[in-house]
Amino acid sequence: MSETYTASITAPVNIATLKYWGKRDTNLNLPTNSSISVTLDQSDLKTTTSAMTCSSFTKDRLWLNGEEDLQLSESKRLTQVLANLRLKRKEKEAKDASLTKISDWFIHIVSINNFPTAAGLASSAAGFAALVACVAKLLQLDDDMTELSKIARQGSGSACRSLFGGFVAWEMGEHSDGTDSKAVEVAPLEHWPQMKACILVACADKKDVSSTSGMQLTVKTSDLFQKRITEVVPERFEQMKKSILDKDFELFAELTMKDSNSFHATCLDSYPPIFYMNDTSKKVVRLVHKINAFYGKTIVAYTFDAGPNAVLYYLEENEDKLMTFIYAMFKNLNGWENKYNGDELNKFIKNFEE
Ligand code: ADP
Ligand code: DP6
Ligand code: CO
């Protein structure tokens, strides 16, 4: 029997608070702006990926959620990612003659997402982060996460950020060869452990327009997009990093909501327009602003990726305050209603629905 090597890994989803939307180089997947995200806890949304390599395999193959994905197996993004990882293994083998030359063998990959795929919940991020980390483990590479993030980026841009936990930035870089377009840690999760995320699934269906093609249309057709990348995002990037380091929730929340709105505005300004948010998403936006107004303080922020599903960021100390209203609005009271004055709550819901 032929010799085999195997490896398994999980990678969590990350949800951007300052969105990546636009490529300046589609081949190397270099972005038009830097972005920031929060990586969710591994116990929530995650991808589990296993890989095996064997001298008798005749081609690279990939199974996604139980089915072989021929489109992805033959895609440029997968071929490029695997070629980069194999090159690193080859360099190791060249330095150490005792190593088996597995860089020439084909690889079989099996991956499962425990959440909806291609529905705007960052499946490509967790998916390609898991794939790169798993194959790097399989090939016994010694590269650090920032180095691997440059490879993950070529699978899916947002994936580079999922290689780190906590608060992460993807620095767009300046070089045309992409060597400085990488993910870096802004702060570990322990820096601000009170930060929580809640996901409201408005629709789990596969989106009509993938992130890859959506952003390409925006770059090509939206005038607003030019303003976003030159005038809005560079300053916001610095402000958001500072808000995280200062643990300034109100500022972090305001920047996060504004950036989600700015990104979706460029989608609407694309031609033909792209609609990722639906009526339920808009209801969540209105609800969040009303909740913040009700408390006279920003206690919760929404953000939407390229899909209708909302991610709410809030501090743990405000969980009861927030959930009371979320459950009340969506008619699933679950005991939360007892925590607040019933009249006040009913008045709020009545006003909101009018
Ligand atoms: P999302 O909002 O879920 O990230 P995208 O349009 O960015 O949606 O990307 C979806 C694509 O990402 C899928 O069609 C698939 O090609 C790829 N993908 C999703 N999950 C995985 C995975 N676990 N491993 C590899 N690729 C994946
Ligand atoms: C709205 O990383 O999925 O989620 O690089 O083409 O694979 P590709 O796109 P992808 O785009 C993510 C867009 C976003 C914002 C973000 O995650 O920063
Ligand atoms: Co994606």
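**Figure 1. Helix 3 and helix 5 at the shell of ligand 2.** In this predicted model, helix 3 (123–138) and helix 5 (211–221) each supply at least two residues of the shell around ligand 2. The shell holds 16 residues, and those that come nearest are Ala16, Ser156, Gly157, Ser158 and Thr212. Sorted by class, the residues around ligand 2 are six nonpolar, eight polar and two charged.

**Figure 2. Strand 9 and helix 3 at the shell of ligand 1.** Around ligand 1 there are 23 residues, of which Ser123, Ser124, Gly127, Ser210 and Ser211 come nearest. Strand 9 (106–113) and helix 3 each supply at least two residues of this shell. Helix 3 gives the most, with six residues. By class, the shell around ligand 1 has 10 nonpolar residues, 12 polar residues and one charged residue.

**Figure 3. The crossing of helix 2 and helix 4.** The axes of helix 2 (residues 76–95) and helix 4 (residues 145–155) come within 8 Å and cross at roughly 160°. An angle over 145 degrees counts as roughly antiparallel, and the two helices are therefore roughly antiparallel to each other. The crossing of helix 2 past helix 4 is right-handed. On the helix 2 side the contact involves Arg77, Leu78, Gln80, Val81, Asn84 and Leu85, which meet Ile151, Gln154 and Gly155 of helix 4. By class, this contact has four nonpolar residues, four polar residues and one charged residue.

**Figure 4. The crossing of helix 2 and helix 3.** Here the axes come within 10 Å and cross at roughly 30°, which makes helix 2 roughly parallel to helix 3. Helix 2 passes helix 3 in a right-handed crossing. Val81, Leu82 and Leu85 of helix 2 make the contact with Phe128, Leu131, Val132, Val135 and Ala136 of helix 3. The residues in this contact are eight nonpolar, with no polar and no charged residues.

Figure 5. The strands follow the order 2-5-10-11, and their pairing is antiparallel. Strand 2 (14–18) and strand 11 (182–187) are the edge strands, each pairing on one side only. From one strand to the next, the twist averages 35°. Strand 10 (residues 166–171) and strand 11 run antiparallel and are joined by five bridges. Phe167 stands opposite Ala187 in strand 11. Helix 6 (residues 223–245) lies across strand 2, strand 5 (35–39), strand 10 and strand 11, and runs at about 115° to strand 2.

Figure 6. Strand 6 (residues 46–54) pairs with strand 9 in the antiparallel sense over eight bridges. Thr53 stands opposite Ile107 in strand 9.

Technical notes:
Residues numbered from 1 in each chain as written. Chains lettered and ligands numbered in written order. Predicted model: local features only at pLDDT ≥ 70, side-chain atom pairs only at ≥ 80, totals over all residues. Axes fitted to C-alpha atoms, helices over the stretch in contact; angles between N-to-C directions. Helix = DSSP H or I, 4+ residues; strand = E, 2+ residues; numbered from the N terminus. Parallel < 35°, antiparallel > 145°, perpendicular 65-115°, else oblique. Left-handed = near helix turned anticlockwise from the far one by under 90°. Contact = placed C-beta atoms within 7 Å. Nonpolar A, V, L, I, M, F, W, Y, C, P; charged D, E, K, R; others polar. Near = placed C-beta within 6 Å. Pairing = 2+ DSSP bridges.
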